[in-house]
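Me: I'd like to learn how to read a few features off a model. Could you show me the structure and start with contacts?

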Amino acid sequence: MSADVLKTRVFAALDSFAIEIPSWGFANTGTRFGKFTQAAAATSIEEKFADAAEVNRLTGVTPTLALHVLWDLPKGVADAPKIKELEAKTGVRAGSINPNLFQEAEYKYGSICNPSAEVREKATAHLIDSVEIGKALGSAEVSLWVADGSNYPGTQSMRRRIGWMKEALARAHAALAPDQIMLVEYKPFEPAFYHTDIADWGMALELSRSAGPQAKVLVDTGHHYQGTNIEQIVAWLIELNALGGFHFNDRKYADDDLTLGSIDPYQIFRIFHEILFEQSKGSAFKKPAFMIDQSHNLKGKIEAMVQTVVTAQELYAKAALVDQEKLVGLQDACSLVEAEEAFRGAFWTDVRPWLREWREQRGLAADPMAALRAGGYVERITAERKEKNAGGASSYA
Ligand SMILES: [Mn+2]
């Protein structure tokens, strides 16, 4: 295939690529052992929007900011006008709304799965409030991660908790506007270590189906056991019209929330391939929401975000290079080595020169990281926020 054809394909893929960044990626966070503050960390919702706007100015592909109700909208819907002002000021729109079902003292034994009907009611009301926040902000996704589970066999009824979850999710679903979707995220362990109530994609799929047609599954790449074939899960969810979105990050051991592609870039390429394969068939496939779920406490937060976004674009461009038609032919002929080489060849192609050219054509910085360094933004916010950050970290994310 000629270089021009490949370039056209890469540019078309890049034109259709956007990825949401999380507000908690700009704030001080830590590990469960210690909190490490950064002088440049965002200390308010205004600063989070400002940082998101800087990442979007540099990369051009992060127009939305995921918001966490607990940290970003502590007054619920009443905070929506303030968010709208920040949207107008920064040009960054509110993205997915993430309810808090894990940090309140009442949720010690679970939120929507708590044996107490009173606590379940509180958690369900919070889900419905989150849907209302989404409506007030015109945000498409309400993204649920349920941290519920138990630590010891016999201490909770896994069976009864399924019913409680179904009831809560159905009620939240009933509150959705026609253009909203509910994303159900799964995770096999942590914070609970014997069972988590939504442990894998099968459970998330069943729960989303029973909630209603606007509920879909969210795949967080860090929420699997070692060796899980995540792209196969993605292929199944596409087949079942149940793939709603992604939380991208990388991991070596558990839910490490490392930079996307830092450990296994080939895995992200393989996931993107499944999405691009479906698109290449010309089906009515609705592309899932791409989101980053990372919160760095060693790397500089804005640098880490720019690095992640650029890496995601590179891997998406590589996946777009796969010659789908040729690959299907090789698969049908069982030409194993040729098929693998066609696939791997795309992965090993250096797409960075095309990315530079694509950015320049669109009036963006050819090298977003160099532009960040040259622009002085991090130095400026470090000076502005140093005092405020001397006091200590806000929370874990
Ligand atoms: Mn996540």
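Reply: Two residues are in contact if their C-beta atoms, placed from the backbone, lie within 7 Å. One caution before we go on: this is a predicted model, where local features need pLDDT of at least 70 and side-chain atom pairs count only at pLDDT 80 or more, while totals for chains, interfaces and linings use all residues. Residues are numbered from 1 along each chain as its sequence is written.

Me: Which residues does alanine 317 touch, not counting residues up to four places away in sequence?

Reply: Alanine 317 touches Val10, Ala13 and Leu14, and also Val351, Trp354 and Leu355.

Me: What is a nonpolar core, and which residues have the most contacts inside the largest one?

Reply: In soluble globular proteins, nonpolar side chains tend to be buried together. A nonpolar core is a set of buried Ala, Val, Leu, Ile, Met, Phe, Trp, Tyr and Cys residues joined through C-beta atoms within 7 Å. Buried means that 20 or more other C-beta atoms lie within 10 Å of the residue's own; 12 or fewer is exposed, and in between is partly exposed, with C-beta atoms placed from the backbone. Here the largest core has 101 residues, and Met182, Val184, Val217 and Ala317 have the most contacts inside it. Helix α10 (residues 301–320) supplies the largest share of this core, 12 residues. Helices (H or I, at least four residues) and strands (E, at least two) are DSSP runs, numbered from the N terminus.

Me: How do I read helix packing, say for α11 and α12?

Reply: Start with the axes, which are lines fitted to C-alpha atoms, for helices over the stretch in contact; angles run from 0 to 180 degrees between N-to-C directions. Under 35 degrees counts as roughly parallel, over 145 as roughly antiparallel, 65 to 115 as roughly perpendicular and the rest as oblique. Helix α11 (residues 324–332) packs on helix α12 (residues 336–348) at about 155 degrees, with axes 8 Å apart, so the pair is roughly antiparallel. As for handedness, a crossing is left-handed if the near helix is turned anticlockwise from the far one by less than a right angle, and right-handed if clockwise. The crossing of α11 and α12 is left-handed. Lys326, Leu327, Leu330 and Gln331 in α11 meet Glu338, Ala339, Ala342 and Phe343 in α12.

Me: And what about α8 and α9?

Reply: The axes of α8 (residues 230–239) and α9 come within 9 Å and cross at roughly 20 degrees, which makes the two roughly parallel. Their crossing is right-handed.

Me: Where does phenylalanine 277 sit?

Reply: Phenylalanine 277 is in helix α9, and it counts as partly exposed because it has 17 C-beta neighbours inside 10 Å. Its C-alpha atom is 9.6 Å from that of aspartate 323, 46 residues apart along the chain.

Me: What should I look for in the backbone?

Reply: Most residues other than glycine have a negative phi, and most peptide bonds are trans. In this model, glutamate 190 has a positive phi of about 75 degrees, and the peptide bond from glutamate 190 to proline 191 is cis, with omega near 5 degrees. Glutamate 190 lies in the loop between β6 and β7.

Me: Is aspartate 257 buried or exposed?

Reply: Buried, because 22 other C-beta atoms lie within 10 Å. Aspartate 257 also has a positive phi, near 50 degrees, and lies in the loop between β9 (243–248) and α9 (265–280).
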